[in-house]
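Student: Please take me through one part of this model in detail, the place where the two chains meet. I would also like to see how that part relates to the rest of the chain.

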Number of protein chains: 2
Amino acid sequence: MSGESAFIDLLRGLPLHPGARGLDDDTAVLELGGETLVLTHDMLVEGVHFLSDQDPADVAWKLVATNLSDLAAKGAEPAGVLVGYMLGADEARFLEGLREVLATYDTPLLGGDTVSGGPPRSFGLTAIGRATHVPVPSRSGARPGDAIYVTGPLGAALAGFEALQAGDDAAALPYRRPVPLLAEGRALAPMVGAMMDISDGLLLDVWRMAQASGATFAVDRSAPPIALPETRRCEALRWGDDYQLLFTASERADLPVPATTIGRVVAPLDGAPLLLDGEPVRSSEGLGYSHEG
Amino acid sequence: MSGESAFIDLLRGLPLHPGARGLDDDTAVLELGGETLVLTHDMLVEGVHFLSDQDPADVAWKLVATNLSDLAAKGAEPAGVLVGYMLGADEARFLEGLREVLATYDTPLLGGDTVSGGPPRSFGLTAIGRATHVPVPSRSGARPGDAIYVTGPLGAALAGFEALQAGDDAAALPYRRPVPLLAEGRALAPMVGAMMDISDGLLLDVWRMAQASGATFAVDRSAPPIALPETRRCEALRWGDDYQLLFTASERADLPVPATTIGRVVAPLDGAPLLLDGEPVRSSEGLGYSHEG
């Protein structure tokens with residue numbers, strides 16, 4: 001192992017807050033004065049998470065929306081954000097995008113930091129939310145017998161990315177302006193076993209949820225809805241940035257939002273967190289996007 | 001105006017949380033279920049805030065310590081931190097420094113994000129603390145008649161920086177491993193008018209506190225203790241990274257920690273937040289370190 005997952009393994013050796021959930025989750029949970037806070041921090045790096053010539057307003061939108069998506073997956077409502085901003089070109093467009101995303105999701109700015117540096121530039125965002133349901137859903141709550149669901153089509157961001165490359169800004173919207181499913185997450189929180197947002201590709205995130213839950217996820221490759229031609233199903237299930245919600249719940253659950261069953265949680269199969277069309281998958285290599293190397 | 005202060009002026013036009021304190025403070029304040037949280041986020045950038053060949057353990061220490069210093073200035077006790085980490089060389093040394101600083105200040109890791117990118121690399125840190133005294137001290141609470149104090153000598157970090165350049169790691173400690181004055185901040189919180197940590201140079205931070213308070217600070221240039229030869233007083237009062245506390249309180253206050261009176265808050269003098277040895281200072285240019293571009 002190298003890169004991100006190796007580093008996170010090393011981080012687990014540090015003094016962790018109980019609410020850090022062993023660093024197995026996307027968010028931390030902090031109980032304070034009768035309230036439960038949900039906290040998340042993500043960075044976006046030029047050339048890695050966004051293109052140098054991308055509209056800074058879209059970068060600002062994505063920075064906030066991806067963190068709010070983490071709150072959505074925990075059923076939390078946003079309380080505010082802290083922004084780490086690296087000065088550079090076109091601050092006005094960045095601020096315009098920041099204003100739009102904060103207004104759209106009724107989220108106030110709490111503060112942050114402004115620094116010089118780059119290229120490549122990088123931005124950080126910390127989102128703070130209030131849990132609307134406790135226990136706060138985690139990645140690790142899936143139990144054998146549960147059905148596995150996704151809230152919507154995969155591959156929409158990939159299609160949007162290709163539209164952006166082709167200069168079609170309107171068709172690029174799903175890539176440029178991801179939508180955090182805050183209302184859906186709040187509605188689902190009381191009835192899910194495990195829940196997370198799909199940021200790095202469906203199959204990789206399924207793998208991670210299965211590992212965190214100590215179970216095996218049997219997934220039917222043809223089941224997830226996709227936003228691309230059927231010939232590109234393979235890519236649609238591996239590309240990230242869609243921010244649909246992945247969750248487990250009873251197969252008889254009366255779900256409050258539309259969702260598609262994509263498989264079933266089964267008893268842990270030695271060394272294979274994922275069964276894809278019945279074939280055990282023993283390595284996460286090639287399942288999605290990760291910062292390895 | 002350009003750079004950092006211009007950007008922050010633009011940020012003030014966004015929907016701000018009341019606890020953002022108009023972005024005039026180093027921290028945000030969030031009241032939740034009977035508790036008051038204090039939140040801060042800072043970034044460190046390679047080549048700007050740390051040297052490329054600096055020990056990564058010292059970089060990790062500084063990343064956490066500077067944010068805990070912001071909590072100290074609000075009288076808050078650390079509840080946990082979120083780390084934004086950019087992968088690169090020598091993760092083990094970074095983790096060692098992270099372990100040391102978290103253990104020293106009894107602060108657990110809550111979570112964070114790991115990304116690829118750089119050079120230059122950048123790191124982010126969000127610190128969450130619990131207020132031990134409300135109202136939480138701000139930069140804006142100074143009132144005419146108050147005395148102005150600092151908790152210790154300025155210029156120690158500059159001396160440490162020069163020692164590091166000369167290869168003397170031990171003498172470089174004040175630069176390599178800044179100390180957040182958490183106990184001092186908690187003890188002072190109930191009796192201060194305004195309080196902040198000195199991160200960008202005494203005179204610039206005095207200027208900022210005076211502006212936030214709508215007052216003028218009359219400072220005696222010879223009063224602050226310095227950690228450099230008297231011939232270098234000018235630099236000692238302008239160099240950053242010392243993390244002493246700057247605060248205002250009654251001149252008759254029975255202070256719980258050692259501090260030196262460096263001047264007095266007076267009625268606002270038009271256009272001059274700072275009176276230095278009786279001379280009005282009308283521009284913050286050259287008073288300390290700022291990220292102007």
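Tutor: What follows goes through the interface, then the symmetry, then the annotated sites and some backbone details. The model is predicted, and the values below are to be read with that in mind.

Start with the extent of the interface. On one side, 60 residues of chain B are in contact, and they meet 59 residues of chain A. The area buried between chain B and chain A comes to about 5,000 Å². Carbon and sulfur atoms give 74% of that area.

Next, the polar side of the account. Between chain B and chain A, 10 residue pairs are in polar contact, counting pairs with both residues at pLDDT 80 or more. The rule for salt bridges, which asks for a Lys or Arg side-chain nitrogen within 4 Å of an Asp or Glu carboxyl oxygen, finds 0 across the interface of chain B and chain A.

Which elements of chain B supply at least two residues each to the side that touches chain A? They are the helices α1 (3-11) and α3 (91-104), together with the strands β1 (28-32), β2 (35-45), β3 (76-86), β4 (109-115) and β5 (122-131). The most comes from β2(B), with 8 residues. By residue class, the side of chain B that touches chain A holds 35 nonpolar, 18 polar and 7 charged residues.

Now the symmetry. Chain B is superposed on chain A by a rotation of 180° with 0.0 Å of shift along the axis, and the RMSD is 0.0 Å. This is therefore the relation of a two-fold axis. The same surface serves both copies, as 98% of the contact residues of chain B recur in chain A. Within chain B, the residue that comes closest to the rotation axis is Gly33(B), whose C-alpha is 2.6 Å from it.

An unreviewed entry lists residues 25-130 of chain A as "domain: PurM-like N-terminal".

A few backbone details remain. Most residues other than glycine have a negative phi, and most peptide bonds are trans, so exceptions deserve a note. In chain A, the peptide bond from Gly118(A) to Pro119(A) is cis, with omega near -5°. Pro119(A) belongs to the loop between β4 (109-115) and β5 (122-131) of chain A. In chain B, a cis peptide bond joins Val134(B) and Pro135(B), with omega about -5°. Pro135(B) is in the loop between β5 and β6 (147-150) of chain B. Asp106(A), a residue other than glycine, has a positive phi near 50°, and its place is the loop between α3 (91-104) and β4 of chain A.

How values were computed. Residues numbered from 1 in each chain as written. Chains lettered and ligands numbered in written order. Predicted model: local features only at pLDDT ≥ 70, side-chain atom pairs only at ≥ 80, totals over all residues. Heavy atoms only, no water. Contact = heavy atoms within 4.5 Å. Buried area = accessible area lost by both parts, 1.4 Å probe. Polar contact = N/O pair within 3.5 Å; in protein donor to acceptor, adjacent residues only side chain to side chain. Helix = DSSP H or I, 4+ residues; strand = E, 2+ residues; numbered from the N terminus. Nonpolar A, V, L, I, M, F, W, Y, C, P; charged D, E, K, R; others polar. UniProt positions renumbered as here; feature names shortened; annotations may be inferred. Least-squares fit on C-alpha atoms with pLDDT ≥ 70 in both.
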